[in-house]
Amino acid sequence: MDLHGFTRDEARLELTTFLDSSSKNNFRCVRVIHGRGLGSRNREPVLKISIGNWLVQRNDVLAFCQAKPEDGGSGAVLILLKVSAKQ
């Protein structure tokens, strides 16, 4: 999922919808591209910081980390999701 161009509020809604759908489809690992924040006011990574805060609040997220350079580096996050017990 690519969140470039979204406001913080829009990004949160899109991320929630994406993760809910990913969990429902039993995806185990997903990538979210948030950008590095170079186009943000004060060149701060607003979405990167916010996404980390949002992810720790979700019960379906086991872990998350910065993506490898070839997968987006500091502009993306890899998210490990719990596998649903219902199958």
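Helices (H or I, at least four residues) and strands (E, at least two) are DSSP runs, numbered from the N terminus. In these terms the chain contains 2 helices and 3 strands, and along the sequence they follow the pattern α-β-α-β-β. This is a predicted model, in which local features need pLDDT of at least 70 and side-chain atom pairs count only at pLDDT 80 or more, while totals for chains, interfaces and linings use all residues. Residues are numbered from 1 along each chain as its sequence is written, and side-chain values use heavy atoms, with hydrogens and water left out.

**The chain as a whole**

- Of the 87 residues in the chain, 31% are buried, where buried means under 20% relative accessible area, exposed means over 50%, and partly exposed lies in between (1.4 Å probe, protein chains only).
- The accessible surface of the chain comes to about 5800 Å², and 51% of it belongs to carbon and sulfur atoms; such areas come from the Shrake-Rupley method with a 1.4 Å probe, and for residues only the protein chains shown count as cover.

**Helix H1**

- The 17 residues of H1 should span 24 Å at 1.5 Å a residue, which agrees with its end C-alpha atoms being 24 Å apart; the expected span is 1.5 Å times one less than the number of residues.
- Seen down the axis of H1, the buried residues fall within an arc of 90°, so they line one face of the helix; the arc is that of the directions from the helix axis to the C-beta atoms.
- These buried residues are Ala-11, Leu-15, Leu-19, Ser-22 and Ser-23, whereas Asp-9, Leu-13 and Lys-24 are exposed on the other side of H1.
- The cover over the buried residues of H1 includes strand E1 (29-33), helix H2 (46-55) and strand E3 (76-81).
- Ser-22, which lies in H1 (residues 8-24), is buried with a relative accessible area of 2%, and, leaving aside residues up to four places away in sequence, Ser-22 touches Phe-27, Val-30 and Leu-81, a contact being heavy atoms within 4.5 Å.

**The nonpolar core**

- A nonpolar core is a set of buried Ala, Val, Leu, Ile, Met, Phe, Trp, Tyr and Cys residues joined through side-chain atoms within 4.5 Å.
- In the largest nonpolar core, which has 14 residues, Leu-15, Leu-19, Val-32, Ile-51, Leu-55 and Ile-79 touch the most other members.
- The elements that give two or more residues to this core are H1, E1, H2 and E3, and the largest share, 4 residues, comes from H2.
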